[in-house]
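Try each one before reading its solution.

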Amino acid sequence: MFRPMRPIRPIRVVRPVGAPLVRGLVVGGAAYAAGRSAARSSRDEQDQNAAIADLQAQQAPPPVYQAPAYQPPPAAAQPDLASKLTELGQMVQQGLLTPEEFATAKARLLASG
């Protein structure tokens, strides 16, 4: 009539022994490679910045434009007042100017000089 029950055995899940180890190796290796790559790129960037700074230090500063100083024309190019008056006197003697024109030109020269 009544049959006794069999005892319930726990089910054993069999996991492969190497699976956690392989997973740890893969994750650890990827993290190591990523860290190494980041360190290499950071070092390369620092080297590049140092090279740029060295090149900039070697270059001479840009030339500063300076306007040339004003130099008046040489004195020989500008006839002096006495030579102009002498020239006007010769023109009066030659008859090229009247005494009134001479007086006007003389007054103009003296006013401008």
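**Exercise 1.** What should helix α2 (residues 81-94) span at 1.5 Å a residue, and how far apart are its end C-alpha atoms?

*Solution.* A word on the source first: this is a predicted model, where local features need pLDDT of at least 70, side-chain atom pairs count only at pLDDT 80 or more, and totals for chains, interfaces and linings use all residues. Numbering starts from 1 along each chain as its sequence is written, and side-chain values use heavy atoms, leaving out hydrogens and water.

Helices are DSSP runs of H or I with at least four residues, strands are E runs of at least two, and both are numbered from the N terminus. The expected span is 1.5 Å times one less than the number of residues. For the 14 residues of α2 that gives 20 Å, and the end C-alpha atoms are 20 Å apart, so the two agree. Just past α2, G95 has a positive phi of about 90°.

**Exercise 2.** Which way do α2 and α3 run relative to each other?

*Solution.* Take lines fitted to C-alpha atoms over the stretch in contact, with angles from 0 to 180 degrees between N-to-C directions. The axes of α2 and α3 (residues 99-112) come within 10 Å and cross at roughly 175°. The helices are therefore roughly antiparallel (over 145 degrees). Contact (heavy atoms within 4.5 Å) involves residues including L85 and L88 of α2 and F102 and L109 of α3.

**Exercise 3.** How many helices and strands does the protein chain have?

*Solution.* Counting gives three helices and zero strands, in the order α-α-α.

Notes. Parallel < 35°, antiparallel > 145°, perpendicular 65-115°, else oblique.
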